There are 2 protein chains.
Amino acid sequence: MADKVTIADVARVAGVSRQTVSNVLNTPDVVREETRRRVLDVVGELGYRVNRAARQMRTGRSQLIAIRIDPDRDGINGSVLDRFLHGLTDSAARAGYRVLLYTADDDRSEVATFEDLLGAYEPDGFVLTGTHHRDPRASWLLDKGVPFVTFGRPWGEEATTRHPWVDVDGSAGTAAATRHLLDAGHTHIGFLGWPAGSGVGDDRRAGWVRALAGAGVDPTGLSRATSDAVADGEAAARDLIDSDPGVTALVCVSDSLAVGALHAARSPGLAWREEDTRPDLPIAVIGFDDTPVAKAVGLTSLSQPLKEAAANCVTLLARILEGTETARASAASPAHVLLEPSLVIRQSA
Amino acid sequence: MADKVTIADVARVAGVSRQTVSNVLNTPDVVREETRRRVLDVVGELGYRVNRAARQMRTGRSQLIAIRIDPDRDGINGSVLDRFLHGLTDSAARAGYRVLLYTADDDRSEVATFEDLLGAYEPDGFVLTGTHHRDPRASWLLDKGVPFVTFGRPWGEEATTRHPWVDVDGSAGTAAATRHLLDAGHTHIGFLGWPAGSGVGDDRRAGWVRALAGAGVDPTGLSRATSDAVADGEAAARDLIDSDPGVTALVCVSDSLAVGALHAARSPGLAWREEDTRPDLPIAVIGFDDTPVAKAVGLTSLSQPLKEAAANCVTLLARILEGTETARASAASPAHVLLEPSLVIRQSA
DNA sequence: ATGAAAGCGCTAACAT
DNA sequence: ATGTTAGCGCTTTCAT
């Protein structure tokens, strides 16, 4: 076990009182320059670190940020949160916080975990991911006055302005992807999305509609909605292409669907395409999230700036935690950050 | 903020002393049945949770397990650790622990983080991943007497018996994969691996050699070593196939290399294969780790029982933490767990 | 600018 | 079987 160096040890060696050491650490400006340097030297020499548990008892601050880690649902999209998690751990450490993990199967059990965690480990704040309509988790934290930030907009009606959030502009991404295809000469550009109602999915679809509108293309009949699995994407793509042979490109709401679309686009059943007007041009496909799978199969995809998103989450949370403002006060005019995804171009488009 | 309920509140409402409440929680058998029930009722009623910080000051136990989260190096193989992490969080919670995350760029900075963490948050133990020859991290923790378990064998010479570890039997996996191919009629089965010297890579290669030997096949000239990237795998596969046209199947040390091999195996340059003795049979490929990419591209792969591995890590660590034995004592005869991977069969083999 | 005293919530030792 | 005392390491008054 590492030999415990307490504040008293530092004080003794530096020839000052315990209190002065504490001041040097917490209120440096109140200590004389010379004393400060001497104390800091001893701190370094002895390898002293403040004990969080003891500090927490006095200040009530644990320097812990809690976040849920999901089971890898689809497996393809799961990696997004994992990369976000890495960024969060990194940024948090720089800001003097550590990340505490928890799991939960659904919103209800997650709220139960909030209570548990708050009562026991007392994390200073939470980072919520996967926000959705009428998210009970946000309401609960808001209600208790627990500081938190969400990675993902609150998609509900009125909730928009009640807590700080960081998000990536999905519609800007799909619009950029669509424009990229338009620039490449495509006009019949389809969209593979999720069933209406999911904030994220609707938003990404909107970007495609907007870009098509900008080029004077009517999106009617050019989109399909399905659940997020490779097989579903393949089926939906096939259906869309069959019903409208003019389709030469597909923008997809996720890499999962895009990988499915790629299968469909390259399948033998589409051999007739070779007698098409553009025989040398296979159906272009663009996915969303730039997952490892996209990289492996050469799929053009939209990349979220996850590291930046994580850094912003920490900044926003730290602002609440360290600012004079309380969580409730900051809820009055919470900060929002909307980042732009970037298109990573590969063989598929 | 959740209203703080202390042990004193519970004691007052239940009409007992603080100490009795503490006893009910920590040494139930020393309290009379009736008192115990009454106290527990009040605990539930008031929603009391022990404050970890306060307990930690007394007991020195934080109920925290620290683990490093890696940047997704390759992106394909990265997902393995992420799935392990989820399992660890889950198992830890069940055992009364929480997972604390940290990042580090290399062994040296990881050791520095150990010091930092130990001095500040005082995690009860560590779970190390990615163990390798002469791992300085294990030595450091061993030296300081800090409890830890590794997910991965200590590959070094003498170190084998100095700390508890959990691992997956890579050579059993590649042997099973090779046997699967032999059973399917393949005889010229190649191996794509990493340069010699990495414990994991050498072990996986050994399984392939062993299985071939069992079938009386000479492995000479049938393997290639390369770094772990898709493009490298493709190049190595092409080289191997070109130099020995008899090769009809490939076992790979990772999904990254396997995906590359798949590209090579399906590339136009191999068209001559159609005039082969088995024209209907493309080159079979088997990967390792059963990553999302494997699933997406239909790659047969070896799946590690990550959830089980994580659970075993927690069990082993908890045994040290909660047993009477000290870390040092348990180091005298540490427990080892070796799990078997399973072959997930898909189109590629 | 520095020091002394008090107490955060809990549990290990020692009474009763 | 239950209660009392003390103190973990720190920071926040308050005094010097």
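Between chain B and chain A about 4,400 Å² of area is buried, and carbon and sulfur atoms give 60% of that area. On the side of chain B, the residues that lose the most area to chain A are B:Arg49, B:Arg98 and B:Tyr121, which together make up 16% of what that side buries. These values, like every other value in this text, were computed from a predicted model. The size of an interface is often expressed in this way, as the accessible area lost when the parts come together.

The contact between the two protein chains can also be described by its residues, with 53 taken from chain A and 52 taken from chain B. Across this interface there are 16 residue pairs in polar contact, counting pairs in which both residues have pLDDT 80 or more. Several elements of chain B each supply at least two residues to the side that touches chain A, and these are H4, helix H5 (78-94), strand E2 (98-102), helix H6 (107-120), helix H11 (255-266) and helix H12 (292-297). When the residues on that side of chain B are sorted by kind, 24 are nonpolar, 13 are polar and 15 are charged.

Charged side chains also meet across the interface, where four salt bridges are found between chain B and chain A, while the structure holds 35 salt bridges over all chains. One salt bridge joins the side chains of A:Asp116 and B:Arg49, with a distance of 2.6 Å from N to O. This pair crosses between chains, since A:Asp116 sits in helix H6 (residues 107-120) of chain A and B:Arg49 sits in the loop between helix H3 (33-46) and H4 of chain B. Another salt bridge is formed by the side chains of A:Arg98 and B:Asp116, at 3.7 Å from N to O.

Strand E2 (residues 98-102) of chain A is joined to E2(B) by three bridges, and the two strands run antiparallel. Within this arrangement, A:Leu100 has B:Leu100 as its bridge partner in E2(B).

Of the atoms of DNA strand C that come within 4 Å of the protein, 62% are accounted for by sugar and phosphate. From chain B, an N or O atom in the side chain of B:Arg55 is 2.7 Å from a phosphate oxygen of DNA strand C.

The surface near DNA strand C is made up of nine nonpolar, 10 polar and six charged residues.

DNA strand D is surrounded by 26 residues, and the closest of them are A:Ile7, A:Gln19, A:Tyr48, B:Ser17 and B:Arg32. Sugar or phosphate holds 59% of the atoms of DNA strand D within 4 Å of the protein, and the rest belong to bases. A contact with a base is made by A:Gln19, which has a polar side-chain atom 2.8 Å from a base oxygen of DNA strand D. Phosphate oxygens of DNA strand D are approached too, at 2.7 Å by a polar side-chain atom of A:Arg55 and at 3.4 Å by a polar backbone atom of A:Asn51.

The elements that give two or more residues to the surface near DNA strand D are H2 and H4 of chain A together with H2 and H4 of chain B. Here the largest share, five residues, comes from H4(A). By kind, the surface near DNA strand D divides into nine nonpolar, 10 polar and seven charged residues.

Key. Residues numbered from 1 in each chain as written. Chains lettered and ligands numbered in written order. Predicted model: local features only at pLDDT ≥ 70, side-chain atom pairs only at ≥ 80, totals over all residues. Heavy atoms only, no water. Near = heavy atom within 4 Å. Polar contact = N/O pair within 3.5 Å; in protein donor to acceptor, adjacent residues only side chain to side chain. Nonpolar A, V, L, I, M, F, W, Y, C, P; charged D, E, K, R; others polar. Contact = heavy atoms within 4.5 Å. Buried area = accessible area lost by both parts, 1.4 Å probe. Helix = DSSP H or I, 4+ residues; strand = E, 2+ residues; numbered from the N terminus. Pairing = 2+ DSSP bridges.
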